[in-house]
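The exercises below are meant to be worked with the sequence and the model side by side. Try each task before reading its solution.

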Amino acid sequence: MAKLTLDDLRKLRDEKQKAIEKRDPSNKDAQIIVGMGTCGIAAGAKETFNAIIDELDAKNISHVLVRQTGCMGLCHSEPTVEVIVPDMPTVIYGNVNAEVGKQIVNDHIVSKRLIDNHICDKPAMDIVR
Amino acid sequence: MSYKQYILVCGGTACDSIRGMELFNALKTAVKENGLINEVQVVRTGCLGFCEKGPIVKVLPQDTFYVEVKPEDAEEIIKEHIIKGREVSRLLYDKEQSKIHVAIEGIDFYQKQFRVVLRNCGAIDPNVIDEYIARDGYKALEKALFDMTPQDVIDEISKSGLRGRGGAGFPTGKKWSFAAAQPAGQKYMVCNADEGDPGAYMDRSTLEGDPHSVLEAMTIGGYAIGADKGFIYIRAEYPLAIKRLENALKQAREYGLLGNDILGSGFSFDIEIRLGAGAFVCGEETALLASIEGNRGMPRPRPPFPAVKGLWGRPTVINNVETLANIPVILLKGADWFNKIGTATSKGTKVFALTGKINNSGLIEVPMGTTLREIIFDIGGGIRGGKAFKAAQTGGPSGGIIPPQFLDTPIDYENLAKIGSIMGSGGLIVMDEDDCIPNIAKFYLDFTVDESCGKCAPCRIGGRKLLNYLDKICDGKGTHEDIENMREISEAMSRASLCGLGQTASNPVQSSLRYFMDEYKEHIDDKRCRAGKCKNLLRYTIDKTKCVGCTACARVCPANAIAGERKQPHAINNETCIKCGQCYEICKFHAITRE
Ligand SMILES: Cc1cc2nc3c(=O)[nH]c(=O)nc-3n(C[C@H](O)[C@H](O)[C@H](O)COP(=O)(O)O)c2cc1C
Ligand code: FES
């Protein structure tokens, strides 16, 4: 990637913002986001991350983008996973081990049901968007 | 098929204990009876952190927040809210009650926290610079480089009222203006990511979750003070943060957001990482500079301040990670947006690492002026196991122990100092009735004595002396004269130590002597530790009327200090007992007492 000029940077930001609003350009309309700070990883977030990807593959689900992010602040409930699905409220799940990770794919993504006993409160509103 | 609405019922232990499960079942029944089974899903959640007002019910997607809901209210919630779309107003949380809510204009729903520093943590992939850019990343840098002079930037930061989050709370704008006022030439911008407070981890989480915000802020700082070089001093114990920083630096350089002629503005700036070995004293700014220069990490007297004579004798601004993470937001949203958040003297938010005997430990960010009660009970979900709150410690080993009477004091720099503590970096450790205060003071002192660099006598000798007295008291051998000596040494240390480490090391002792004298007295006069933490003051005895002679205690005792015939009451030999407490834990008949 070449160095950006001011115009390049603005254009890039615009494009990326639009991509986020429309969700992902590559036909993925849902997202599963795994918190992978030191706290999450120590609690097993890598296993969760892999379990989710494996389960999506096993069920041939291709419309879900799996991403990672930093600490969501809910260290008491690591690993934490945020799930964004159109027409459903965005939810953060806590204490998501590999088993619950699979459940997220099967219940939340496929059956569009929230999962009992794992929902955490979203900590704060977003000041950027 | 997908549901139209979701009813979330808190399933935390606190809410459960006040008929939370019954409420959950009542809501499910009401949904079924009203034929909504395909429209509405009722789910149980983890603790929603607001246990004082439980049971909590949330309705999505509207985000309605109901408090103190009873099973009898289920029918009304379904009939009114779900079917007719009218919120049940008598159950709504009274937003006006919350200071956090009124702290910010334009937010009309209840939020416990307000995230400025952590705005991107948990929202973006920290390995992908484009995600940062999409969330207005590097826009503040754009604005600074192309629409503002260095002086404009400093003025805006000064006007915002931002103060250093690394401990001392020095006004950031002022610090920058000192360095800017030095004659042009080599200057440096340094980020302090040493994070030595053992109870704090917000700097690590910020760097792991949003590394670019710190890089952007350092570049803005460089532009403001006229520096072209920056260093991030981070402890080697933070490998993930270092990896993400390295990756972020590489991406920023590739995009030309670091390096020569940034975005064609003519301004050049680059950043290097320096690894520290994890010494507490290396977080002190002059020791940190010595360490970057390759010397032993020992503080030196100030003045000259680093802003005048810093790295290699050149003007240097040192800022904490959290301080820096605020900078881009201040430039983008404006000083006037920022200085409306918080209290008269302390603007903006503060991130706390909430740990100890708390239900929901974690990283939280709240406006300055939030009270300990709001943090501990509304956000933290209260004390673990329903025990009684005894004290909170802010500022880590340099801070004070805060007793319950200050639960409602708005937290800012001045108020914390007034009650004998400090803001510090934001560690917040909660203690309950099972914690012994002299023992806690001993724990912190043990840490600072270990970490003292040894250069100045008050800190090196005074700290050791204090620790000896605390040891004596916890062993039941203390005297009232010891307390007087501790007071005197503490004061001498605060006044005569070379650096902040020694000056603040006695804070846990001073504050605990001030607020928890009765516990010290008990240790000295009655040889008693009410929390049962000081081993040498404990005595285990077996109540002969309760003991059934099951032999469980005798079998578990590693010192063979318990004797007795099968089915006959046992007895503990206090000469050989090592007070490990295993008999106490294992006895099913509560026959063993500990005093
Ligand atoms: C013993 C001691 C340890 C310190 N540790 C840290 C630290 O870990 N991180 C930090 O940012 N500041 C630490 N400080 C404060 C720094 O000396 C300095 O004030 C701060 O980095 C300035 O940045 P700020 O103005 O943004 O707060 C420490 C100070 C003392 C006396
Ligand atoms: S248990 Fe319900 S809010 Fe904590």
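**Exercise 1. Find which elements of chain B each supply at least two residues of the shell around ligand 1.**

Solution. Step 1: β9 (316–320) and α20 (500–505) of chain B each supply at least two residues of that shell; helices (H or I, at least four residues) and strands (E, at least two) are DSSP runs, numbered from the N terminus. This is a predicted model, in which local features need pLDDT of at least 70 and side-chain atom pairs count only at pLDDT 80 or more, while totals for chains, interfaces and linings use all residues. Residues are numbered from 1 along each chain as its sequence is written, and chains are lettered from A and ligands numbered from 1 in the order in which they are written.

Step 1: β9(B) gives the most, with 3 residues.

Step 2: In total 23 residues surround ligand 1, and the closest are B:G164, B:G166, B:G283, B:N320 and B:G500. A residue is counted when its C-beta atom, placed from the backbone, lies within 6 Å of the molecule.

Step 3: By class the shell has 7 nonpolar, 11 polar and 5 charged residues. Ala, Val, Leu, Ile, Met, Phe, Trp, Tyr, Cys and Pro count as nonpolar, Asp, Glu, Lys and Arg as charged, and the others, Gly among them, as polar.

Step 4: Domain 2 (129–162 + 170–336) and domain 4 (437–526) of chain B each give at least three residues to the shell; the bounds come from an automatic or database domain assignment.

**Exercise 2. Describe the side of chain B that touches chain A.**

Solution. Step 1: 53 residues of chain B are in contact with 43 residues of chain A, where contact means C-beta atoms, placed from the backbone, within 7 Å.

Step 1: Elements giving two or more residues to this side of chain B include β1 (5–10), α6 (139–147) and α11 (239–254).

Step 2: The classes on this side are 24 nonpolar, 16 polar and 13 charged residues.

Step 3: Strand β6 (residues 124–125) of chain A is joined to β5(B) by 2 bridges, and the two run parallel. Two strands pair if DSSP finds at least two bridges between them. In this pairing A:M125 stands opposite B:F114.

**Exercise 3. Which strands are at the edges of the open sheet of 5 strands in chain B?**

Solution. Step 1: Write the order, which is β11-β10-β14-β12-β13, with mixed pairing.

Step 1: β11 and β13 (401–402) pair on one side only and are the edge strands.

Step 2: β10 (residues 349–356) is joined to β11(B) by 6 bridges and runs antiparallel to it. One bridge sets B:L354 against B:G362.

**Exercise 4. Is B:D525 buried or exposed?**

Step 1: B:D525 is exposed because it has 11 C-beta neighbours inside 10 Å. The cut-offs are 20 or more other C-beta atoms within 10 Å for buried, 12 or fewer for exposed, and in between for partly exposed, with C-beta atoms placed from the backbone.

Step 2: For B:R528, in the loop between α22 and β15 (540–542), the count is 17, so B:R528 is partly exposed.

**Exercise 5. Locate the cis peptide bonds that join A:E78 to A:P79 and B:P303 to B:P304.**

Solution. Step 1: Most residues other than glycine have a negative phi, and most peptide bonds are trans.

Step 1: A:P79 is in the loop between β2 (64–69) and β3 (81–84) of chain A, and omega of its bond to A:E78 is about -10°.

Step 2: B:P304 is in the loop between α12 (285–292) and β9 of chain B; omega of the bond from B:P303 is about 0°.

Key: Two residues are in contact if their C-beta atoms, placed from the backbone, lie within 7 Å.
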